[in-house]
Amino acid sequence: MSQSPNRLLATVFGAGYLLVGLLGFTATSGVSFFATTGGRLFGIFEVNIFHNVAHLVIGAALLIAGISSIAAARIMNMTIGGAYLALGIVGLFLVGSEFNILAINAADNVLHFASAAVLLAVGIGADKIVLRPTAANPKK
């Protein structure tokens with residue numbers, strides 16, 4: 001696993017998001033499932049119960065992919081990276097609106113964009129399959 005940047009990143013990010021999802025429940029006492037404003041995790045990130053569950057699902061998906069294979073980790077890093085990029089963009093318009101069912105604030109948006117950048121950069125740029133020419137197929 002340590003020889004694959006995608007597997008390592010998926011495993012580390014997966015464990016991190018699982019931990020954040022669990023810790024989020026310490027900040028959501030009295031907050032409803034889809035509350036548009038939530039409790040403050042670490043005093044910075046706004047979360048509600050739905051946001052915590054999303055972190056748990058994302059963390060589990062990344063962790064499972066990271067311990068499975070390079071291909072699974074790479075696909076999951078790119079998929080979740082793309083989803084976080086989209087969430088970061090949409091999140092810019094959700095803050096303060098009645099449609100903010102994840103209780104996203106500006107700090108969450110920064111973290112979503114940062115996660116997207118790292119996941120996409122590693123997913124796209126690392127562990128590429130290099131096709132080498134062979135006697136049977138010299139054009140590869």
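In which hand, left or right, does helix 3 pass helix 4? Before the answer, a word on the model itself: it is predicted, local features are taken only where pLDDT is at least 70, side-chain atom pairs count only at pLDDT 80 or more, and totals for chains, interfaces and linings use all residues. Residues are numbered from 1 along each chain as its sequence is written, and side-chain values use heavy atoms, with hydrogens and water left out.

The secondary structure of the chain comes to four helices and two strands, where helices (DSSP runs of H or I, at least four residues) and strands (runs of E, at least two) are numbered from the N terminus. Followed along the sequence, these elements give the pattern α-β-β-α-α-α. The C-alpha atoms fill a box of roughly 65 × 25 × 20 Å, taken along the principal axes. Of the 140 residues in the chain, 36% are buried, a word that stands for under 20% relative accessible area, while exposed stands for over 50% and partly exposed for what lies in between (1.4 Å probe, protein chains only). The chain exposes about 7700 Å², and carbon and sulfur atoms supply 73% of that area; such areas come from the Shrake-Rupley method with a 1.4 Å probe, and for residues only the protein chains shown count as cover. Among the contacts (heavy atoms within 4.5 Å) with a separation of 6 or more, 67% are between residues 24 or more positions apart.

We can now turn to the helix pairs. Two packed helices are described by the angle between their axes and the distance between the axes. Here the axes are lines fitted to C-alpha atoms, for helices over the stretch in contact, and the angles run from 0 to 180 degrees between N-to-C directions. The axes of helix 3 (residues 70-94) and helix 4 come within 7 Å and cross at roughly 150 degrees, which makes helix 3 roughly antiparallel to helix 4. In these terms, angles under 35 degrees count as roughly parallel, over 145 as roughly antiparallel, 65 to 115 as roughly perpendicular and the rest as oblique. The opening question can be answered as well, since helix 3 passes helix 4 in a left-handed crossing; a crossing is left-handed if the near helix is turned anticlockwise from the far one by less than a right angle, and right-handed if clockwise. The contact of helix 3 with helix 4 has 13 nonpolar, nine polar and one charged residues, where Ala, Val, Leu, Ile, Met, Phe, Trp, Tyr, Cys and Pro count as nonpolar, Asp, Glu, Lys and Arg as charged, and the others, Gly among them, as polar.

Helix 4 (residues 106-125) also meets helix 1 (residues 5-24), and their axes come within 9 Å and cross at roughly 155 degrees. That angle makes helix 1 roughly antiparallel to helix 4, and the crossing is left-handed. On the side of helix 1 the contact involves Pro-5, Asn-6, Leu-9, Phe-13 and Tyr-17, which meet Ser-115, Val-118, Leu-119, Val-122 and Gly-123 in helix 4. Sorted by class, this contact has seven nonpolar, three polar and no charged residues.

Helix 1 has a further partner in helix 2 (residues 49-68), for the two axes come within 7 Å and cross at roughly 155 degrees. Helix 1 is therefore roughly antiparallel to helix 2, and it passes helix 2 in a left-handed crossing. Among the residues that make this contact are Phe-13 and Tyr-17 of helix 1, together with His-55 and Leu-56 of helix 2. The contact of helix 1 with helix 2 has 12 nonpolar, nine polar and one charged residues.

Ala-61 lies in helix 2 and is partly exposed, with a relative accessible area of 24%. Leaving aside residues up to four places away in sequence, Ala-61 touches Met-76 and Ile-80. Thr-79, which has its place in helix 3, counts as partly exposed because its relative accessibility is 47%.

Most residues other than glycine have a negative phi, and most peptide bonds are trans. Phe-42, in the loop between strand 1 (39-41) and strand 2 (45-47), has a positive phi, near 60 degrees, and at 53% relative accessibility it counts as exposed. Ala-103, in the loop between helix 3 and helix 4, has a positive phi near 55 degrees, but at 0% relative accessibility Ala-103 counts as buried.
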